[in-house]
Amino acid sequence: MARNILAALLLFVALVLQASVVNRLLFSWAPDLVLLTVAALATRRGAVPGAVIGFCGGLAYDLLPPSNHTLGQYALVLCALGYAAGRLGDRVPLLAVAVCGVVAPGMLAGLGALIGAPGVTWAVLATAWPRAAVCNLVAAPLVLWAVKVTHGGHRRRAGGGELVPSWRRGTA
């Protein structure tokens with residue numbers, strides 16, 4: 001229970017910092033702190049909790065007031081990336097967060113183009129994606145370190161990594 005509250009608090013802090021400080025001071029050269037926090041939390045918690053954290057963080061990001069996109073767009077992308085980061089993060093957490101930071105802007109733009117967002121063109125994607133990827137790559141180690149320090153502990157796997165824990169299988 002305390003780990004869930006801490007994860008929600010970390011997401012809240014990332015949302016507030018993103019909306020109030022990072023987006024206002026750095027303009028177009030800003031990392032996506034919510035995405036990086038979701039990916040870092042997913043590497044610490046696992047695939048399914050990472051997907052849940054990604055959905056909740058994405059939905060909160062969608063509801064943040066200066067939104068000009070379709071509701072649920074970030075929730076879908078962060079849910080998928082939270083799951084992927086949780087699967088890969090057991091072995092190489094920094095690589096998982098970095099890959100999520102590079103892939104996410106393209107997924108968001110692709111999903112926006114798929115649902116017909118008016119401002120998504122190839123020219124915009126060609127200039128915005130590399131800038132967002134570089135900013136996310138620069139901020140990824142710092143966010144991963146901050147989540148590791150505040151979240152603490154090692155990643156726990158239920159049942160030793162088995163799909164079905166032993167008490168449910170029944171031993172005869």
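**Close-up 1. Cysteine 79 and the cysteines of the predicted model.** Cysteine 79 is partly exposed, with a relative accessible area of 26%; buried denotes under 20%, exposed over 50%, and partly exposed the range in between (1.4 Å probe, protein chains only). In this predicted model, local features need pLDDT of at least 70 and side-chain atom pairs count only at pLDDT 80 or more, whereas totals for chains, interfaces and linings use all residues. Residues are numbered from 1 along each chain as its sequence is written, and side-chain values use heavy atoms, with hydrogens and water left out. A search of the whole structure finds zero disulfides (pairs of cysteine sulfur atoms within 2.5 Å). For cysteine 79, the nearest cysteine sulfur belongs to cysteine 56, 9.1 Å away. Cysteine 100 is buried, at a relative accessible area of 3%.

Close-up 2. Helices are DSSP runs of H or I with at least four residues, numbered from the N terminus. Buried residues of H5 include Cys100, Ala104 and Pro105, and their cover includes helices H2 (33-45), H4 (73-88) and H6.

Close-up 3. Histidine 151 lies in helix H6 (residues 122-151) and is buried, with a relative accessible area of 8%. Its contacts (heavy atoms within 4.5 Å) include Arg3, Leu6, Leu41 and Arg45, not counting residues up to four places away in sequence.

Note on methods. Helix = DSSP H or I, 4+ residues; strand = E, 2+ residues; numbered from the N terminus.
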